[in-house]
4 protein chains.
Amino acid sequence: MASFARQEHQFLGAWGGSGPVVTTTNPSNNEVIAEVVEASMDDYEKGMSACFDAAKTWMAIPAPKRGEIVRQIGDALRAKLHHLGRLLSLEMGKILPEGIGEVQEIIDMCDYAVGLSRQLNGSIIPSERPNHMMMEVWNPLGVVGVITAFNFPCAVLGWNACIALVCGNCVVWKGAPTTPLITIAMTKIVASVFEKNNLPSAIFTAFCGGAEIGQAIALDTRIPLVSFTGSTKVGQMVQQQVSARFGKCLLELSGNNAIIVMDDADIPLAVRSVLFAAVGTAGQRCTTCRRLLLHESIYQTFLDQLVEVYKQVRIGDPMEKGTLLGPLHTTASKESFLKGIQNIRSQEEKSF
Amino acid sequence: MASFARQEHQFLGAWGGSGPVVTTTNPSNNEVIAEVVEASMDDYEKGMSACFDAAKTWMAIPAPKRGEIVRQIGDALRAKLHHLGRLLSLEMGKILPEGIGEVQEIIDMCDYAVGLSRQLNGSIIPSERPNHMMMEVWNPLGVVGVITAFNFPCAVLGWNACIALVCGNCVVWKGAPTTPLITIAMTKIVASVFEKNNLPSAIFTAFCGGAEIGQAIALDTRIPLVSFTGSTKVGQMVQQQVSARFGKCLLELSGNNAIIVMDDADIPLAVRSVLFAAVGTAGQRCTTCRRLLLHESIYQTFLDQLVEVYKQVRIGDPMEKGTLLGPLHTTASKESFLKGIQNIRSQEEKSF
Amino acid sequence: MASFARQEHQFLGAWGGSGPVVTTTNPSNNEVIAEVVEASMDDYEKGMSACFDAAKTWMAIPAPKRGEIVRQIGDALRAKLHHLGRLLSLEMGKILPEGIGEVQEIIDMCDYAVGLSRQLNGSIIPSERPNHMMMEVWNPLGVVGVITAFNFPCAVLGWNACIALVCGNCVVWKGAPTTPLITIAMTKIVASVFEKNNLPSAIFTAFCGGAEIGQAIALDTRIPLVSFTGSTKVGQMVQQQVSARFGKCLLELSGNNAIIVMDDADIPLAVRSVLFAAVGTAGQRCTTCRRLLLHESIYQTFLDQLVEVYKQVRIGDPMEKGTLLGPLHTTASKESFLKGIQNIRSQEEKSF
Amino acid sequence: MASFARQEHQFLGAWGGSGPVVTTTNPSNNEVIAEVVEASMDDYEKGMSACFDAAKTWMAIPAPKRGEIVRQIGDALRAKLHHLGRLLSLEMGKILPEGIGEVQEIIDMCDYAVGLSRQLNGSIIPSERPNHMMMEVWNPLGVVGVITAFNFPCAVLGWNACIALVCGNCVVWKGAPTTPLITIAMTKIVASVFEKNNLPSAIFTAFCGGAEIGQAIALDTRIPLVSFTGSTKVGQMVQQQVSARFGKCLLELSGNNAIIVMDDADIPLAVRSVLFAAVGTAGQRCTTCRRLLLHESIYQTFLDQLVEVYKQVRIGDPMEKGTLLGPLHTTASKESFLKGIQNIRSQEEKSF
C-alpha cells in the first residue's frame with residue numbers, strides 16, 4: 001500500500017492538476033506514501049465552472065432518481081469498505097477499526113439519504129383568504145461547498161454531501177491538505193458512479209489544496225451554501241466571508257468538552273467512558289473529552305482507576321491489530337501536544 | 001341553582017324537542033333539578049339535516065377564519081368558567097375544583113385549535129417522474145359525530161369538537177342522557193357565537209337523548225367519522241356499525257389501570273399518587289387506578305399509609321369547599337359499587 | 001420456466017405444508033405450471049407460533065439495524081429483478097414490463113424504509129406542569145398480518161411489509177391462492193436474508209392458502225394489525241372480525257374510477273391517458289378507469305380517437321415483447337367480463 | 001391625538017430614559033406630535049441587565065403557561081385595535097385600514113403562538129445501539145434581540161416576539177427611531193399583561209433610540225439571537241457583528257421585486273395587482289413592486305390601463321376615509337423619491 005503513484009486531483013469531469021506537488025506521509029512512521037499535484041487557482045476556476053454547469057443537469061433530475069444515484073454511491077463505497085478503511089488508517093493515522101467505522105458512516109449516510117429522496121416534501125398552507133392556499137416548495141440551491149478537516153475526511157463529507165446531492169445540489173469538496181489520497185480515492189469512486197449513469201462527474205467536484213482553495217470557495221458567489229468543519233478561528237473567517245456575500249454557512253468547529261463524575265456514579269463505567277472519550281482518534285475529535293470534573297468524594301478512586309486503564313492502552317501502528325492509540329496526525333500536532341504537557345507540568349510545580 | 005326551568009334541546013339552529021320528558025337529578029341528594037324534553041327520531045332527522053346543510057357553508061370558510069370562531073367559543077366559555085364548573089358539579093357530581101378544571105380543559109382546547117387552524121398543511125411530494133409532483137391536501141369530512149360519556153361531558157367534547165371545527169367539519173353531539181343541562185348550556189354558548197358571526201348555529205348540533213340517538217349517529221351515512229367515549233361494550237357495537245358502512249371510528253373506552261410500587265419507591269409520594277388516581281372524580285375515570293401491585297417488602301408499610309390518608313378524605317357535597325370525594329353519578333353506580341365491595345369481602349373470607 | 005417442481009410453503013423458519021395440493025396455471029394458455037401444497041390449519045398454528053416467538057427477537061433489534069436487513073432484502077430482490085418480473089408475468093398474467101416494474105416497486109419500498117429506520121422518532125411534549133414533560137415513544141405492535149390480492153402480489157406486500165419490518169414488527173403474509181409461486185419465491189428470497197444474518201426467518205412468515213387462512217389471520221388476537229387488500233365485500237368482513245377483537249385494520253379495496261374529459265382538454269393526451277388507465281394490467285387494478293364522462297362537444301371526436309387507439313393495442317402472450325394487453329387472471333374473470341359485455345349490449349339495445 | 005405628552009421609554013420593568021430628547025412628527029403634515037426621551041447607553045445596560053435577569057424566571061415557566069400570557073397580550077392588543085391602528089396611521093403615515101390591518105397581524109400572531117406553546121416538541125430518536133435512544137429537547141436561548149423598521153413597527157415585532165416568548169425567550173426590542181410612540185404604546189400594553197400576572201415586565205424590554213442601541217444589541221454576547229429588519233446595508237453589518245461572536249441572525253432585508261405580465265394574462269386583474277403592489281404602504285414595503293416586465297403584445301394596453309387606475313388613486317391624509325395613498329414616512333424619503341423621478345426623466349431623455 002506504500003506504492004501509491006503520483007496522483008492528480010479531479011476537475012471538469014476529468015483528472016488533472018497544475019498546482020504545487022506535495023507529499024503525503026504516513027503519520028505512524030513519517031514515511032512519504034505519495035506525491036500529489038494540488039489544484040492551481042486556474043484549476044479551481046475550470047473545475048468550479050464545470051460543477052456550476054453540471055448543476056443545471058442535476059437539479060432537473062427527479063429527487064427519487066437522485067436518491068438512486070446516491071444509493072449506488074453507497075454500494076460502491078461498501079464494496080471498498082476495507083480498502084478505504086485501511087487508507088484512512090494509513091494516511092490519517094487512526095486505528096483500523098476506527099478507519100473502517102468511519103467509512104461505514106458515509107455508507108449509512110447514503111442509505112439514509114436514499115430514504116430522504118422521497119420525503120423532500122413542500123407544504124400546502126391554508127390561507128385566511130377564501131379559495132386561496134399557499135405553496136412552499138423546496139428548490140435546490142445549486143452548488144454546495146464542503147470544506148472538511150483531517151480528522152474525519154469521510155464521515156464529515158458524508159453528512160454534507162449525501163444530503164446535498166439528494167436535495168439536488170452539486171458538491172464542491174476540499175478535503176484536508178494532509179489527506180489528499182483519501183480525497184482522491186473518494187472522488188474516483190463517486191465519479192465512477194456518475195459516469196456509469198451517464199451523468200457529468202463534475203456534479204461532485206473535488207480539489208486537493210490548502211487555504212487558497214478554501215478561501216476561493218468562501219468567496220465564490222456561485223456557491224450559496226458553504227459547510228466548513230475545522231478550527232474555530234478559521235471557521236469564523238469563513239463565516240464572515242460567506243455572510244458578507246449573503247451566503248449561508250454551516251459550521252462544525254472546535255469543542256472543549258468536560259465530563260462531570262458525581263459521587264453516585266458507576267465508577268468503572270465512567271472510567272471506561274472517559275478513556276474512550278479522551279483516547280479515541282488519539283484525542284483528535286471535536287467531541288474529545290478535554291476536562292474532567294470529579295466529585296471530591298470519588299476523586300482519588302477515579303484517578304487511580306483511570307491511571308490503571310491508561311496503562312493498558314496499547315500504543316503503536318494504527319494498522320496493527322490490538323493497537324488502541326495511534327499517532328497524532330502531524331509532527332506539528334505532536335509538538336503542540338508535548339508543549340501542552342510541559343505547560344501542565346510547570347503549572348503543577350507552581351501550584352504546590 | 002335548583003330552579004332550572006324545563007329545557008329543550010337544540011336543532012335546526014333553533015331550540016325544541018318532541019321526545020320523552022326526562023328529569024335530571026343532583027347525585028349528591030337525588031333531588032330533581034330540571035325536566036328536559038329529549039329529541040325524538042323526527043327531531044334527530046331535522047337537526048341532522050340542518051347540520052348536513054350547514055356543512056356546505058362551514059367547509060368553505062378558510063381554516064384561519066374557522067379558528068377565529070373557535071377562539072370566540074373559547075372566550076365565551078371562559079366568561080362562564082365558574083358557572084359551568086358549578087353546573088358540572090351540580091349535575092355530574094364531581095367536586096367543584098374538578099368541575100372548573102374540566103371547563104378549563106375545553107377552553108385550552110379552543111386556544112390550541114386556533115393555532116392549529118393555520119397549520120393544517122398539506123404536502124407537496126417529489127415524484128420520480130420529471131416535471132411532476134404530487135399534492136396531498138386535507139379536505140373536511142363534512143359532519144363529525146361525537147358521543148360523550150357522563151364523567152367528562154365538557155373535556156371529551158372539547159378534544160373532539162375543537163379539532164373537528166377548525167378542520168372544517170360540523171359537529172353532531174350527543175351528551176350523556178344523565179347530564180342534559182350541561183349539553184344544553186354548552187350548546188347555547190356555542191350557538192350564540194355562531195349567531196353573532198352570522199353563521200348557522202347548526203354547525204354545532206346537539207341532541208339530548210339515549211341509545212336510540214346514539215345508534216342513529218352510528219348508522220348515519222352522512223356522518224363519515226364517529227367519535228365515541230364510553231363503555232367497551234357499547235364502543236364495540238358502535239365500531240361494528242360504523243365500520244359496516246366504511247365510516248371511521250375514534251374510540252375512548254374503559255380502562256383497568258394498575259399502579260406498581262417497587263421497593264425503592266418514594267412511599268409517601270406513591271401513596272398520594274394512588275389516592276389521587278383512585279379517589280379523583282370518585283373513581284369514575286377511564287384512567288382511574290383499579291389495581292395495586294405492591295412489592296412484598298413495602299406491602300404493609302404502603303397499605304398502612306394508604307389507609308391513613310384514606311381516613312382524611314372528606315366525603316360530602318361536591319359543591320362544598322373542602323370536599324374531596326363527591327357522590328357516584330347514579331344510584332345504579334352506587335349499587336354496583338356496593339356489590340363490588342361485597343364480592344371482594346366474600347373472596348377475602350374464602351381466601352383465608 | 002414451466003418446469004417448477006412441487007413447492008411447499010414456508011413456516012417455522014422451515015419449509016413444508018400439509019394442506020391440500022393445488023395447481024397454479026399460466027393464465028395466458030391455461031397450462032398448469034406447478035403443484036403447490038397449501039398450509040393446513042395445523043401448519044398455520046405452527047407458523048404463526050414461530051412468528052410470534054420471533055417477534056421478541058426482532059423488536060429488540062435497534063431500528064437502524066432492522067433497516068440494514070431490509071436494505072439487504074432490497075438488494076436480494078434487485079439481484080432477481082428480471083427473474084421475479086418474468087414469474088409475475090407467467091403466473092399472474094401481466095405483461096413483462098409491468099411485471100418488472102412491480103418488482104422494482106418493492107425494491108424502492110425497501111430503499112425508502114431503510115431511510116425511515118433512522119426516523120421513527122418519538123416526541124418530547126412540553127407539559128403545563130413545571131419540571132415535567134411527556135414522552136411519546138413508538139413501540140412495535142408485534143406481528144402484522146398482510147393479506148394481498150392477485151393483481152399486485154409484490155408491490156402491495158412491499159408497501160406493508162417493508163414499513164412493518166423497520167418498525168420492529170414481524171410479518172405474516174398470505175398471498176393470493178392463485179399466485180402461490182410468487183408467494184414462495186418472495187418468501188425464499190426474504191428468508192435467505194434473515195438466515196444470512198443469523199436471524200429467525202419466521203420474522204417473515206408466509207402461507208399459501210385461501211379464505212380459511214385469511215380468516216384465521218383476521219381472528220387471531222396475536223395479530224394486532226391486519227392489512228387487507230382485495231374486494232370490498234371481503235374487506236368489510238375482515239374489518240368486522242378484526243375490530244370485534246379491537247384490532248387495527250388497513251383496507252385497500254375496490255375502486256370505481258371515472259375520467260372526466262372537458263371541452264378544453266388536450267384530446268390526444270386524454271385518449272392516451274384513458275387507454276393506459278383502462279387497459280393497463282388488463283383492467284385489473286383498483287385504480288382502473290371504469291367510466292368515462294365526456295363533454296358533449298368532444299364526445300364523438302373523443303370516442304372516434306379512442307376506438308382508433310384501441311385497435312392498435314396488441315393482445316397476446318404477456319411475456320412476448322410488444323404485447324400491451326395480456327390475459328385476465330382467471331377463467332372466472334374472463335366469464336364475468338364477457339357477461340358484462342353482454343349486459344352492456346342488451347342495455348344498448350333497450351336504450352335505442 | 002396630537003396632545004401626546006413627553007414620553008419615556010421603558011426599562012428595568014420601570015419607565016424612564018436619560019438619553020437625548022427627540023421629536024416625532026406626523027408625516028402627513030410634518031407637525032410635531034410628541035417629544036420622547038431616548039435611552040442612553042447607561043439606560044441600555046440597566047434595561048438589558050433586567051431583561052437578562054428576567055430570563056431565568058421566564059424560561060422556567062412551562063411553555064403552555066407562557067402561551068397563556070401571550071394569549072392575554074393578544075387580547076390586550078385586540079382591546080386597543082382601533083387606537084393602535086390610528087396611532088400607526090398618525091406616526092408612520094400609512095392609511096388607516098393598513099394601520100388597523102397591521103395591528104390585527106400581531107394579534108393573529110399571538111393566537112397562533114398560543115397554539116404553538118403546546119407543540120414545541122422535542123424528538124426521541126432511535127439509535128443503532130441496543131437499549132439506547134437519543135433525545136433532542138428544545139431549550140430557550142435566553143434573550144432574543146429584535147430590531148424593527150419604520151414601515152411595519154407592529155407586525156414585524158409580532159412575527160419575532162410572539163414566537164420568541166412562547167419558546168421561553170425574553171425579548172429586547174428596538175423600534176425605529178422615527179416611530180417611538182408606537183414603541184411606547186406597544187410596550188406599555190405588553191408590560192401591563194406581565195404585571196397583571198406578577199411577572200417581571202422586563203421579560204419584554206424596549207428601547208427608543210438609534211444606531212447606537214442597535215449596535216449594542218448586535219455586539220451583546222448576552223443576546224444569542226438577533227432578528228434585524230431593515231436595509232440590506234445595515235443588515236450586512238449586523239450579520240457581521242453577530243456572527244463574529246458566533247451569535248445567530250435572522251435578516252429581513254430590502255427587496256427589488258418585479259411583476260411579469262404575459263400576453264395571456266387577465267389584464268384588468270394584473271393592472272389592479274400592480275397598483276396594489278406598487279402603491280400600498282406608499283411603496284414602502286420590502287415586497288413593493290419596483291419593476292414591471294410586460295410582454296410586447298400587451299405593453300401599450302397595460303400601460304394605458306395602469307395610467308388610468310393611477311389617476312383614480314386618492315392621495316391625502318392617511319387617517320381620512322377614502323385616502324388610498326398617504327405620505328412618505330420622512331422628508332428624506334420624499335427627497336430621495338423626487339430625485340429618483342428626476343433620474344428616470346433624464347434617462348428617458350437620453351434614450352430617445
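Mentor: In this predicted model, chain A and chain D bury about 900 Å² between them, with 47% of that area on carbon and sulfur atoms. On the chain A side, the residues that lose the most area to chain D are A:Gln236, A:Gln240 and A:Phe246, which together account for 52% of what that side buries. The contact draws on 12 residues from chain A and 12 residues from chain D, and the count of salt bridges between chain A and chain D is zero.

Turning to the annotated position in chain A, the unreviewed UniProt entry lists A:Glu252 under "active site", and this residue lies in strand S12, which covers residues 248-252 of chain A. A:Glu252 counts as partly exposed because its relative accessibility is 35%, a value that falls between the cut-offs of 20% for buried and 50% for exposed. Apart from its neighbours within four places in sequence, A:Glu252 is in contact with A:Trp159, A:Phe228, A:Thr229, A:Gly230 and A:Cys286.

A further feature involves chain A and chain B, where A:Met133, A:Met135, A:Val137, B:Met133, B:Met135 and B:Val137 form a nonpolar patch on the surface, with about 490 Å² of accessible area together. Strand S7 (133-136) of chain A and strand S7 (133-136) of chain B are the elements that give two or more residues to this nonpolar patch. Of these residues, B:Met133 is found in strand S7 of chain B, and B:Met133 is partly exposed because its relative accessible area is 38%.

Key
Residues are numbered from 1 along each chain as its sequence is written. Chains are lettered from A and ligands numbered from 1 in the order in which they are written. This is a predicted model: local features need pLDDT of at least 70, side-chain atom pairs count only at pLDDT 80 or more; totals for chains, interfaces and linings use all residues. Side-chain values use heavy atoms; hydrogens and water are left out. UniProt positions are given in the numbering used here, feature names are shortened, and annotations may be inferred rather than shown by experiment. Helices (H or I, at least four residues) and strands (E, at least two) are DSSP runs, numbered from the N terminus. Buried means under 20% relative accessible area, exposed over 50%, partly exposed in between (1.4 Å probe, protein chains only). Contact means heavy atoms within 4.5 Å. Patches are made of residues with over 30% relative accessible area and no salt bridge: like charges are joined within 9 Å, nonpolar side chains (Val, Leu, Ile, Met, Phe, Trp, Tyr) within 5 Å. Accessible areas come from the Shrake-Rupley method with a 1.4 Å probe; for residues, only the protein chains shown count as cover. A salt bridge is a side-chain nitrogen of Lys or Arg within 4 Å of a carboxyl oxygen of Asp or Glu. Buried area is the accessible area (1.4 Å probe) that two parts lose on being put together, summed over both.
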